[in-house]
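Take a moment with the coordinates first.

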Amino acid sequence: MTTTTKPATPVAATGGRRPGAGALALRQGRLETTQFLRSRESVVFTMGFPIIMILIFASIFHGEIGGGVKFTQYFITGMIATGLMTVSFQNLGIWIPIERDRGVLKRYRGTPMPKWVWFAGKVIMVVVIGIAETALLVAVAVALFDLDLPGTAARWFTFGWVAVLGVTACTLSGIAISSLARTARSGSAVVTPVALVLQFISGVFFVFTSLPTWMQQVAALFPLKWMCQGLRAVFLPESFGAQEPGGSFELGRVALVLGLWCVIGLVLCLTTFRWTTKRDG
Amino acid sequence: MDDELAISVRGLRKAYGENVAVAGVDLDVRRGEVFALLGPNGAGKTTTVEILEGYRRRDAGEVTVLGADPAQPDAGWRSRVGIVLQGTGEFDELTVAEVIRHFSGFYPDADDPDKVIERVGLAGKAKARTHTLSGGQKRRLDVALGIIGRPELLFLDEPTTGFDPEARREFWELIRDLAAAGTTIVLTTHYLDEAEALADRVGVIAGGRLVEVAAPNRLGNRQEALATVSWRTPEGTVESAQSATPTALVADLAARYGGEVPGLTVTRPTLEDVYLTMIGHTR
């Protein structure tokens, strides 16, 4: 027994007061974004992948898809959607298991940080990187392949809500699927095949309507197909809507399915999220 | 709840399926005390400590830590408890200063990050990315994150595993500093010298049970234990006797041999002997 001195009861605070809840979330978002940007693999593979893909596609397919619309104009929609999914679903589905395995999450749980602040930090990171990546992708497509930007405010608005709903659905699903991975390394084994299959069946690499009907129907269960479709409404002429499986771009249904996935993702997150690995009990 | 107690545990039990990790532990840790939980791997140290830290649920028992049940940790309680886990949670891409500053934002009465960096001996590494730190330096970062909130109670789970001797000495100094400032410290270790050097009291845990709790020099009634006196007989064999009064025995022997007793030794059980007996090993 050393002494009976009462330990550090609040004397004059030397370190300043704790920031408010909103400020805490912003700090967390800034930290997550910094960590992402400093990790070269994340930047190259998450941000670079869609740009590399559009470069390849634009170089392979020079022609028109019909009605005076270039292939690039069609594929950019799939690339934007893929990019948004990569930055949210794949990024989180791969990184969270690593952080869980290393005990980063456990460490956060041992602090007075409110749980939601950590999730908010991830969301802020995804939004920041998603915006940057989409802007870069669109800029590259405009500069190199004469992409036509949406001409009306209504189309930009559609771009906005499709992106927000899509990213939200993919972020929540990414957090949810992260709990499936038992170890740090299995994160990408779980997530990558799911993402790749979805990309193929959702019309990212092909014209969606050229896919077999059953494949289209499977794709319609997942968000990526609807993100692509919503973005086609943004970048393609109105008349192209007639070629969609539903006979139009079906923006109402796009909103409905993406909204539904937000709910499903949220429920899965709340019910299955683990702060520690299985062996940690 | 006794206000002088930082931790009070009664009948703590925890099993993982068939495997009983903690089989009825009673324990009190006073405020301001340095308490070491000593035991071999798999004895239940980490499970016990992680229940106290609010990480794990218990199956049974009464547990009070800083006046609250750790199974329902709230932010106020969390801000009074510092935790240094066994593994290192790494923030590879961030610098030491960035990580410590960030964590300081979680606490209502955080210490000055620069002061803490200085205190754990990482001043020269403040701007270094954490993945460039050595094992010992990473552990210091862990401790920095454990004390940045100025905790009343600090848990350290095997803090010096993998340290070289010099790094351990420096680390011990840091712990003594914290203890001198009034922080209650609970550490787990499987190093006897560490428990002996730091702890006011040591609890020996084996097979999920606390075998004994005592000051390090009183563990296993070491001081009252019989001394072993041994010497060489003129025939060349070694003879030994256990005695509660070894001085008398030595005087007796001296008289018998008329001066020097050949090959004379007088020993009492070392802490290690006592410990190994307690955890069920024999030498």
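Angles between axes under 35 degrees count as roughly parallel, over 145 as roughly antiparallel, 65 to 115 as roughly perpendicular and the rest as oblique. Axes here are lines fitted to C-alpha atoms, for helices over the stretch in contact, with angles running from 0 to 180 degrees between N-to-C directions.

Some housekeeping: this is a predicted model, where local features need pLDDT of at least 70, side-chain atom pairs count only at pLDDT 80 or more, and totals for chains, interfaces and linings use all residues. Residues are numbered from 1 along each chain as its sequence is written, and chains are lettered from A and ligands numbered from 1 in the order in which they are written.

Chain A has 10 helices and two strands (DSSP runs numbered from the N terminus: H or I of at least four residues for helices, E of at least two for strands). Its C-alpha trace spans about 85 × 35 × 35 Å along the principal axes.

Now the pair:

| Helix of chain A | Residues |
|---|---|
| helix 3 | 71-102 |
| helix 6 | 153-178 |

Their axes come within 8 Å and cross at roughly 20 degrees, so helix 3 of chain A and helix 6 of chain A are roughly parallel to each other. Among the residues making the contact are L84(A) and F89(A) of helix 3 and G166(A) and C170(A) of helix 6 (contact: C-beta atoms, placed from the backbone, within 7 Å).

Methods:
Contact = placed C-beta atoms within 7 Å.
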